[in-house]
Amino acid sequence: MASNNKTSNNKNRIKLLYEMMKIREVEKTIAEKYPEGKMRCPVHLSIGQEAIAVGVCNNLKKKDQILSAHRSHAHYLAKGGNLNSMIAELYGKITGCAMGKGGSMHLIDQSAGMLAAVPIVGSTLPISVGVAWSNKLKKNNNLVVVFFGDGATEEGVFQESLDFASLHNLKILFICENNLYSVYSNIKKRQNPDRKIAKIAKTLGVNSKFSFGNDVENVYNYTKKALDYIKKNNNPYLLEFSTYRMVEHCGPFDDDHLGYRDIKEIKYWKNKCPIKIYQNKLLREKLISSVKITKFEDEIQKKIISSFKFADKSIFPSKKFLKKNIYA
């Protein structure tokens, strides 16, 4: 029995690597193809932040629900979203997960448990709390996870949402992806050094932890503990993970020439690439080989090429869809 558990665990660890590699290559291809002008929306890429999405979502069941903000590709794919549907959505095609009407910042796919991505900073927080409240009223056991950045914690709705979740004992996990920046502004210029996001949560009755977000196993294990706590106590939990985006805030390019990020800081975080860290770890443990990694890369590339061809060949939605699925 112990041997079977170990085998299962090793398969899961390899899966974590594969999913991070897939997300990275998908977003790199989006960046390469974006200048062609076929993607009908702005894109916010998660290159450098893949470990959080993968580590969190690999703890979730299909019925569990996630919500995201403007940087949502990684969350969608990690939750089991369809790659063809996502790329088609970026192309504004009818085969997209939101019928081509949402684009990168409005990914939604209820079949994957991706309930919403909303670009207005902090806006997904009260929506996610509302979903968790609905689950409680319906007496189902669905878990809700909401992803947001450090900038969202500066909105009043952050504290209001945590307070409501705590007051009503809601089964919700708040995931703060702290990549140190809100567009061009470092967190040091926006928040007092004594202001700690995880500590704010505790003052509102929400248990919390801060940890390193570029180690996928670390993220996975902290998430598992948090979800176990939520299930046992019927109380919310907040996890804040440190991470770093490697390209510009919005768009496919490198903007380090603007000088708003220190060169030493950029170099430090490039050395903390979650995929390199994990590949090296699994190679050292002989759990994977360089040949296997190359096979993964080839397999992922084939899927990506196929998805972009699918999007290119798909048609745009007709006018009759303009007012469909609008509820207010």
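Biologist: Which ring does the charged end of Lys33 sit over?

Modeller: A charge sits over a ring if NZ of Lys or CZ of Arg is within 6 Å of the ring centre and within 35 degrees of the ring normal. Here the charged end of Lys33 sits over the ring of Phe308, 5.5 Å from its centre. Lys225 does likewise with the ring of Tyr222, at 5.7 Å from the centre. Keep in mind that this is a predicted model, where local features need pLDDT of at least 70 and side-chain atom pairs count only at pLDDT 80 or more, while totals for chains, interfaces and linings use all residues. Residues are numbered from 1 along each chain as its sequence is written, and side-chain values use heavy atoms, leaving out hydrogens and water.

Biologist: How many aromatic pairs does the structure hold?

Modeller: Rings of Phe, Tyr and Trp (its six-membered ring) pair if their centres lie within 6.5 Å; planes under 30 degrees apart count as stacked, over 60 as edge-to-face and the rest as tilted. This structure holds 11 such pairs. In one of them, the ring centres of Trp133 and Phe164 are 5.7 Å apart and the planes meet at 80 degrees, so the pair is edge-to-face.

Biologist: Is Trp133 buried or exposed, or in between?

Modeller: Buried means under 20% relative accessible area, exposed over 50%, and partly exposed in between (1.4 Å probe, protein chains only). Trp133 is partly exposed at 30%, and Phe164 is partly exposed at 31%.

Biologist: Which rings form a cluster?

Modeller: Ring pairs link Tyr181, Tyr184, Phe212, Tyr244, Tyr260, Tyr268 and Trp269 into a cluster. Among these residues, Tyr184 is partly exposed, with 49% relative accessible area, whereas Tyr260 is buried, with 17%.
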